[in-house]
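Morning, everyone. I have one structure to go through, so please look at the screen while I talk.

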Amino acid sequence: MAYLPLFHNFRTQPCLVVGGGEVAERKVGMLRRAGARITVVAPDLTDGLAALMADGSIAHKARAFRDTDAAGRALVVAATGNAEVNRAVAAVARELNVPVNAVDDRAASSAIMPAVVDRSPLVVAVSSGGASPVLARRVRARLERDLEPGLGPLAALADEYRHRVRERLPDFDDRLRFWERALDGEAGRAARAGRDAEARAAMEAELAADRSTAANTGEVYLVGAGPGDPDLLTLKAARLMGECDVVLHDRLVPSAILDRVRRDAERIPVGKAAGCHSRPQGEINGLLIDLARAGKRVLRLKGGDPLVFGRGAEEWEAVTAAGIPCQVVPGVTAASGCAAATGIPLTHRGVAESVTLATGHGCRGEPEHDWAELAQDRRTSVFYMGLGNLPRLRDRLLVAGRAPDTPTAVVVGGTTPAQEVVTATLAELPEVTDRLPRRSPALIIVGEVVRLRGRLLGTPLEPAPAPGGGEVRPSW
């Protein structure tokens, strides 16, 4: 390592920042977060630094740097914007054996300021040793995304109980098992959620268990996996996927998303297709309950959003009725995901004032809808799982008064590399989609907003494939 990473306690320690510009202001901000006593030496200050000086948060010497300024400091930061001045300041600091950071000058620095992820008291610092500050910031940004804010309260809770746990459990292995149970269990979940009193109560209960290894009741996470693109997962979904013990997943969840589940978690496929259920819903409900009662953290991973045509409410109700904690994490539903991926807005001023999400099939095949409502002008109708029912959906809409030339799109595998899109009029849609694979997930979008697709994507609408070859262009 070119630099040994250390966490230095600067609280109440005298630190010097040379320079009064925006870069110096950023360095002052980091030192203030660490509780340092800061003196700024510069002829002029930014408005932000001037405000800090006015309220007594920093001291200011309105002049150029002098060699004596560096004496007795815990850290010197040279941030003048002038490379020669920064090097001169750094040389003085090094002569006095004072750690110095010369901004953007690795050779002159004896200390590097890292990119920081602050979940105090948990702090993560990232440094490239000055080789690529931009890369360090990018890594920091990824960590900011992955490390939820609740880790700070969780670390504070652990600090509060650290000595009591050491007294109670002198053996290292016993302490390790305790902390794994506590941090991954109810105490950890409550702390991350900001429920401090509940977290302390759970910690007290864990301590009172006197090293018991008896499993606590688990929990169910009802999580939306989104329409298929792993990058559309929510941060909370990604975190729970990394914490679960077992996952029950739908057929629609692609392997690219399942790959992000904790590697040693048990995987149980419980997928359904139209007219083909590998497991009845009641059996899935029972499995969720049984696994949670065995102390498992159970992830129920559902395509799209669990509460939009996903029967998530039935599972939520069953789990809650059994007295098992259940977290529901929404996902990007297929209508939103496919609209963004295909350049079709669901609403647009002057074109569509409302949007209706509807199922494309019912319990007995044909869905029961208010077709007159779905056939209204200036409305976008989106049908889920309707590819097999396409001719009947088309006929129902036409009979209810929807114009035969209404623009329509069918999206198969939306947001994934296998995405396919067909655009046509409502009247001709079943025929021109004949060559599409009869597979899910498929979404049908009906409405004038489909005309906007080419404009938003900056390309003309693609012609739809016709049975037997050739092209059929939309009549609009």
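I will start with a definition: a residue is called buried under 20% relative accessible area, exposed over 50%, and partly exposed in between, with a 1.4 Å probe and protein chains only as cover. By that rule L183, at 31% relative accessibility, counts as partly exposed. L183 is found in helix α6, residues 172-184. Helices here are DSSP runs of H or I with at least four residues, strands are runs of E with at least two, and both are numbered from the N terminus. L183 and A155 are 28 residues apart in sequence, and their C-alpha atoms are 9.2 Å apart in space.

Some housekeeping. This is a predicted model, where local features need pLDDT of at least 70 and side-chain atom pairs count only at pLDDT 80 or more, while totals for chains, interfaces and linings use all residues. Residues are numbered from 1 along each chain as its sequence is written, and side-chain values use heavy atoms, with hydrogens and water left out.

Next, strand β1, residues 14-18.

What does β1 pair with? Two strands pair if DSSP finds at least two bridges between them. Strand β2, residues 37-41, runs parallel to β1 and is joined to it by five bridges. R37 in β2 is the bridge partner of P14.

Now an open sheet of five strands, in the order β10-β9-β13-β8-β14, with parallel pairing. Its edge strands are β10 (266-269) and β14 (326-329), each pairing on one side only. Strand β8, residues 219-224, pairs with β14 in the parallel sense over four bridges. V223 stands opposite V329 in β14.

Last, V355, in strand β15, residues 354-359. V355 is partly exposed, with a relative accessible area of 36%. That is my final item.
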